[in-house]
Structures are given as structure tokens and as C-alpha cells.
Amino acid sequence: MFSAGCHFAKPAAFASLHGQPCCELPSLQRCFFPSKIAKRVERGHVVFPTMVVAQQTAAASPQLRIFHGHDLKGKDLQHVMARPRIDFESILHTVQPIVQAVKDQGDAAVKQYTEKFDRVQLDTVCLPIEDFPEPQLPAETVSAFQTAFDNIHAFHEAQQKSPLSVETMPGVNCRRLTRPIGAVGLYVPGGTAVLPSSALMLSVPAGIAGCKTIVLATPPRSDGTITPEVLWCAKRAGVTHILKAGGAQAVAAMAWGTETCPKVHKILGPGNQYVTAAKMALQNSEAMISMDMPAGPSEVLVIADAAASAAHVAADLLSQAEHGPDSQVVLLALPGVDLDEVEREVSQQCAALPRSHVASQALSHSSIVSVSGRDEAIKLSNMYAPEHLIVNVEDAEDWLPELDNAGSVFLGRWTPESVGDYASGTNHVLPTYGYARMYSGVSLESFQKSMTVQTLSKEGLKGLGPTVAHMADLEGLIAHQRAVTMRLQALS
């Protein structure tokens with residue numbers, strides 16, 4: 001559900017479609033190997049222009065195609081596995097002036113852009129958490145949030161590591177210690193969905209890590225207030241400040257600091273393409289911040305066997321498709337899966353969703369892939385490196401040792417992806433767009449940094465010193481050499 005780049009803002013091309021039912025709901029693409037699978041190919045990736053996808057979706061269902069995994073090789077396989085691309089160059093062109101304005105004008109710029117983009121006039125931009133009244137929520141909601149909090153806290157607290165201490169040779173002791181990042185910024189999207197779950201996923205591990213300053217940014221409601229569900233989660237988890245803004249202006253405020261918003265050292269959390277672009281730009285600026293991970297829209301890959309419920313498979317696919325028109329879902333169907341039944345379930349369930357117009361657009365560039373067996377499914381899954389991986393097969397645990405690339409894995413018949421989105425305990429801020437090959441999801445370590453410590457006794461320096469002095473001499477760094485030899489002389 002919640003990749004670092006999920007909930008991409010509605011592009012202008014989609015604006016006229018939102019709130020209007022589509023004429024027909026597109027089914028998942030059942031693909032053989034098509035000779036043309038996209039409008040254009042750029043740098044080895046399939047490109048699905050956002051505007052083209054939207055127009056096709058509103059007009060008619062795309063022709064279904066069946067794809068057999070064993071028929072694809074080389075670039076053709078890369079093309080089928082590719083995600084819809086995002087033009088970050090043009091987005092950065094839009095974001096840079098916002099980032100610079102916030103740097104130069106502080107709160108005034110945040111107010112200006114919040115009024116421009118969200119149509120909200122702010123009296124105050126950022127306030128200490130204690131300045132907000134206690135939100136009043138239904139008992140059922142509080143109970144659900146408390147269960148989620150407890151599970152998230154238990155899983156992330158268990159990630160604490162003991163200090164590492166190793167005597168590498170007599171008299172030479174090396175240690176590795178963990179410290180919290182002093183100030184972190186948490187971005188909790190608003191816009192088309194209210195996401196108190198993201199507030200918990202980010203603020204709970206930040207509190208466990210011991211971060212002293214925790215700024216939570218979230219777009220205000222039309223009256224300038226904060227969604228009470230998000231506020232409850234922020235208070236419960238130990239957030240110190242609330243920034244009443246979203247978009248690039250919120251990221252810039254946390255990165256630079258303003259009159260009311262503390263400057264942070266790292267920014268984490270999902271956001272639209274403008275939020276992601278702002279994080280990327282500021283990470284490479286004199287603001288001196290880091291970010292959690294690069295990412296794109298939400299996605300899920302489902303592996304299903306013949307005994308998997310078609311209704312469950314369809315529901316899992318739609319749980320990600322409803323996030324945004326640029327989300328992507330993939331089904332790897334093992335032999336015996338009734339693809340027609342899966343398609344019927346997807347069509348019927350999608351039509352009944354409040355966000356069917358969003359899900360249908362995502363389905364227009366999603367696929368069903370018929371695979372020959374376990375080995376092929378694992379190969380394709382690892383190549384795709386999904387944000388969410390659902391393994392809805394018999395003896396799913398047996399598959400885990402061979403699954404290498406995924407943000408979060410959901411094993412078995414009774415583990416829908418939704419449990420990880422909300423309350424199982426794992427974190428839902430995950431790498432997407434194939435970044436699961438080299439990035440991990442948000443964890444306790446995301447809010448920590450480590451430093452090494454070494455201590456040498458006299459005997460340790462006598463034993464190690466000659467090695468260091470010789471290596472320094474080989475590299476021509478004589479001051480390094482003398483820092484050792486002068487001490488050795490003092491010991492002789």
C-alpha cells in the first residue's frame with residue numbers, strides 16, 4: 001500500500017476524470033508476448049504516458065493479452081516488467097522554485113503555496129504537538145489504532161541491536177554504536193485519502209529510536225485543522241511538532257527550517273511525485289538532509305496457484321490498484337488458475353469500489369502472466385522486485401528462501417497485503433519501482449545512525465603500529481606514518 005512514492009498527486013490529465021465514472025472498467029491485461037506493449041520505449045523501459053493511459057481508460061477497455069513467461073527473453077522481458085515512467089525532469093522544474101521560495105521566505109512561502117495548491121489560508125504553519133487539543137474519536141477507532149500501535153511498536157522495538165565489541169587482535173578493541181538521528185521529518189499524505197496508518201508507521205519507530213525532534217507534516221483540511229485521526233496517532237507516538245502543510249513546500253520547510261518549523265536531518269514517508277522530487281532535490285543541496293528511499297507509485301505482485309480463491313486474488317490486486325491511476329499490479333498465475341474467473345472477479349469488485357475510476361486506470365497498465373511453474377514464478381518475481389509480494393500458494397513458507405527482491409512479503413492463503421498496510425506490525429513505507437533490489441523498507445534503523453569506536457592499549461599499538469606505519473609509507477602519507485611512529489618511539 002504505502003510505498004515511499006505512493007499517492008501520486010493527480011496530474012492535470014486526470015483532473016477531468018476524477019469524480020466521474022469511466023464508461024467501461026478495463027480488465028487486467030492477459031499477455032502472451034505482444035509485439036508492441038507500449039506507445040514508446042525509452043532507455044530500455046516501457047513508457048506509458050500518463051495522459052494516453054487516462055484517455056484510453058475513459059474511452060474503452062484495452063484488448064486483453066496473454067503473456068507466457070517462458071517465451072520472453074532479454075529486452076522483451078524487461079519491457080513487460082517495466083513500470084509506468086514518471087518525468088522527474090519536468091517535475092523538478094516545477095519543484096525547484098517552491099524549494100527556493102521556502103528557503104528564502106520561510107513560513108510566508110509555505111502559507112502562499114498552501115493557499116495556492118490546497119486553497120487553505122493558514123494562520124500558523126507549524127506548532128508544538130501540545131498546542132493541539134486532544135482529538136475525540138469513536139471508541140472503535142481508538143481501539144483499532146491502539147492495536148496497530150501495539151503491534152508496530154512490538155515489531156520495531158525488537159529491532160534494537162546490542163552494541164558490537166570485537167578485539168581484533170590483542171590490545172585492539174573495535175566497537176560499533178547506534179545513536180538516534182536528532183531531528184526527523186515525517187511526511188503523511190492527505191489529498192485523496194486520509195492516512196493515519198502512515199502516521200503510526202513513521203512516528204512509532206522514530207519514538208523508539210529516541211529522535212528528539214519529530215516533525216510530522218500533513219496537508220490541512222479545508223478549515224486549516226489537522227485530520228483528528230492523524231493527530232491522535234501523532235500524539236500517541238510521541239511526535240513533537242505538527243507542520244500543517246503538504247507537497248514540496250512541506251518538504252522544503254522541514255529541510256531548511258522556518259520561523260516555526262524546526263530543521264530536520266532526514267525526511268521519511270510516502271508522497272506524490274512532487275514530494276518525492278523535492279526530497280531528491282534537497283538531498284543534493286546545501287540543506288544537508290537525507291531521505292528514506294527513492295520510489296514510484298504503489299504496486300503489488302501476486303503469485304497464485306490453482307487452489308487460490310479467485311475472489312481473494314482479485315481483492316489483493318485491487319487493494320493496490322485503488323491507490324492511484326499510476327499504480328501497477330501483476331498476477332503470476334501458476335498452472336490451473338482459472339484466468340477467466342479471476343478477470344470476472346476483478347471486474348465485478350472494481351465496479352463496486354468507491355475509487356473504481358482510479359483502480360480501473362491502474363488496471364489498464366497491469367498484467368496477468370501465465371507461468372509454467374514455481375521456478376519461473378520466482379525468477380520473474382525476483383526480476384520485478386515488487387513493493388508488495390503476495391504468495392498465495394500451498395506451502396508458501398517453502399518459497400521464502402528463494403525470494404530475494406521484495407519490499408514486504410505476504411505468505412499463505414490468509415495473509416492479505418492489507419494487514420501489513422495497517423496493523424500486523426511490519427512497516428508499510430516500502431521501496432517500489434524495482435528499488436527493492438537494493439533498498440529496504442522503513443525500519444528502526446531508518447531513524448538511527450551508527451558510529452565506530454576503537455581503543456588501543458600500549459601493547460595494542462606495539463602490535464599493530466608497524467603494520468599501519470608500513471601501509472602509510474606505501475601510500476606516501478608520511479603524517480599518517482609519523483602519528484604512529486612517534487608514539488611507538490615514546491613507548492620504546
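A: Tyr433, at 24% relative accessibility, counts as partly exposed; buried means under 20% relative accessible area, exposed over 50% and partly exposed in between (1.4 Å probe, protein chains only). This is a predicted model, in which local features need pLDDT of at least 70, side-chain atom pairs count only at pLDDT 80 or more, and totals for chains, interfaces and linings use all residues. Residues are numbered from 1 along each chain as its sequence is written, and side-chain values use heavy atoms, with hydrogens and water left out.

Q: What is the phi of Tyr433, and where is Tyr433 found?

A: Most residues other than glycine have a negative phi. Tyr433, although not a glycine, has a positive phi of about 65 degrees, and is found in the loop between α15 (417-422) and β18 (448-456). Helices (H or I, at least four residues) and strands (E, at least two) are DSSP runs, numbered from the N terminus.

Q: Is Met288 buried or exposed?

A: Met288 is exposed, with a relative accessible area of 65%. Met288 lies in the loop between α10 (273-283) and β12 (290-291) and has a positive phi of about 60 degrees, although it is not a glycine.

Q: Which residues of α12 are buried, and why are they on the same side?

A: An α-helix has 3.6 residues a turn, so residues three or four places apart point the same way. In α12, the buried residues are Leu339, Val342, Glu343, Val346 and Cys350. They cover an arc of only 100 degrees around the axis, which puts them on the same side of α12; the arc is that of the directions from the helix axis to the C-beta atoms.
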